Amino acid sequence: MKLSIIFSVFSALLISLSVKSQSCFGPYEVKQITNQNNPNILKKVPFIGDSFADSAPPRFEIDGSVSLYGSGSDYLKFPLKNGLPGIHSLITGGRPTIESFKMSHPDGTLLKPLELVEVPWDVTLETWPKWNHVKIMYGGVMTPPKGQLNARWPVDNIGRRVYAFKLVNGIWRREKTPLTYPLTDNWIGHSYGHHFISDENGKTWMFYDRVSEQKNNQPWKTEIFAKELISPTRTSSKEHKIIGISAKPYPAQIRHFGGSLVEGPRPFAISVAGKKVYVISFSSGDFATNHYSINLAWSKKLLGPYQLVLNSAGSDLEDFGYHLRKGNHFGWGPSRAAFFQYKDQWYTLFQAVRTRLWPMQDFETWPSNWEGGIYRDIFLSQANFFWSNDSGAESLSVCLGGSIR
């Protein structure tokens, strides 16, 4: 897999969070951040040992650089250059360096991403000012069964949980207790996607996904929850359901085996026309299909209740990746959006596959061999939010990379 110099893909986009009497128009820029699927182009670009997906929002470092963490044991770093901060390099097409890190289990045994596919999912790195500026890494990793030093894919994936990791002699060592849900002997509690946010009272909350129901030996239902982070390595025992799935799921939430899923919550606060709301970006259904896209929900309160953003007919979740997908020949997304603000402009990072590189692959349905070397790349787009009254009630709306006309 290789990283490319960032280049632009152009497309027109029509997208909103409610009935669409307003529109966004292009052309506009979608910047490609990684290139992991075509080894025959840009051969001088450094090799990144793993698939880099599920990007978190940029982490602003004290030296002026910006880091992007995601799934895998590598991360991207956009350095301070010519007096300009790393975030400027990210949004204008600068080239990142590829950095790596090591993780271990509590006894010091190193995770083996390449040999055993013991890959950490949805990695984030946080610095906590209110806890003496301690730096902690978080990630969804498989828990080794008793008697094993390491976990093995896919048999031990059932025990994946979000854990905290402390830096010990240059290696991120896992804490013994998961932050999301205790270990079980079934799929209940399986988790990885997570994000942190603070409320008006200074409390820090961890939003996360986890399996909440098992059926037919399958992770039948995955929903989004939140717990208060009471220390850098510990959460409260009280769990709040944030986005649940009803007895009759929306079509976008249904998986190929009959279960349902919403995952990858990334909450953020935004003020639009002087009104502050909380927004959660997430994705639904099966990740290795074109039905796995960008979904949104919003609320006036951090812990909800949240209003799911539906299509104009109210029959399904709004597919915010639809026009990006069609206009740029994307597959397996766009999905897992990570919104962030720089100065007065909002942006989002998202993942997708450029389907023209794989003309024989059916991206609409769950593949028979989805681990056959097809990797999701990371892209960046502008995001412009506004309020709409088209449906008779005020609703938040967004254009990805476009302008309102």
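Is Trp220 buried or exposed, and at what relative accessibility? I started my notes there, keeping in mind that this is a predicted model. Trp220 comes out as buried, at 16% relative accessibility, because the cut-off for buried is under 20%.

**Entry 1: the rings around Trp220**

I searched the whole structure for aromatic pairs and got 23. One of them joins Trp220 and Phe257, with 6.0 Å between the centres and 50° between the planes, a tilted pair. I then looked up where the two partners sit. Trp220 belongs to strand β15 (residues 218-231), while Phe257 is in the loop between β17 (240-243) and β18 (260-272), so this pair ties together parts 37 residues apart in sequence. Phe257 is partly exposed, with a relative accessible area of 21%.

**Entry 2: Trp298 and its strand**

Next I checked Trp298 and Trp387. Their ring centres are 5.5 Å apart and their planes stand at 75°, so I noted the pair as edge-to-face. Trp298 lies in strand β20 and Trp387 in strand β24 (residues 377-388), so the pair ties together parts that are 89 residues apart in sequence. Both Trp298 and Trp387 are buried.

I stayed with β20 (residues 295-299) for a while, and found 5 of its 5 residues buried. Asn295, Ala297 and Ser299 point one way from β20, and Leu296 and Trp298 point the other way. Strand β19 (residues 275-284) runs antiparallel to β20 and is joined to it by 5 bridges; here Ser281 stands opposite Leu296. Strand β21 (residues 307-308) is also antiparallel to β20, with 2 bridges, and Gln307 of β21 stands opposite Trp298.

**Entry 3: two open sheets**

Which strand order does the open sheet of 5 strands have? I read it as β8-β12-β11-β10-β9, with mixed pairing. The edge strands are β8 (103-104) and β9 (121-128), each pairing on one side only. Inside this sheet I looked at β10 (residues 134-141) and β11 (residues 161-168), which pair in the antiparallel sense over 5 bridges. Tyr138 has Ala164 in β11 as its bridge partner. Tyr138 turned up again in a ring cluster with Trp128, Trp131 and Phe196.

The other open sheet I noted has 4 strands, antiparallel, in the order β4-β5-β6-β7. Its edges are β4 (59-60) and β7 (97-100); each has a single partner strand, so one side of each is left without a neighbour in the sheet. Strand β6 (residues 74-78) is joined to β7 by 4 bridges, and Asp74 has Ser100 as its bridge partner.

**Entry 4: charges over rings**

Last, I looked for charged ends over rings. Arg174 has its charged end over the ring of Tyr163, 4.3 Å from the centre. Arg210 sits likewise over the ring of Phe225, with its charged end 4.4 Å from the centre.

Conventions:
Residues numbered from 1 in each chain as written. Predicted model: local features only at pLDDT ≥ 70, side-chain atom pairs only at ≥ 80, totals over all residues. Heavy atoms only, no water. Pairing = 2+ DSSP bridges. Buried < 20%, exposed > 50% of the residue type's maximum accessible area, 1.4 Å probe, protein only. Phe/Tyr/Trp six-rings, centres within 6.5 Å; stacked < 30°, edge-to-face > 60°. Lys NZ or Arg CZ within 6 Å of the ring centre and 35° of its normal.
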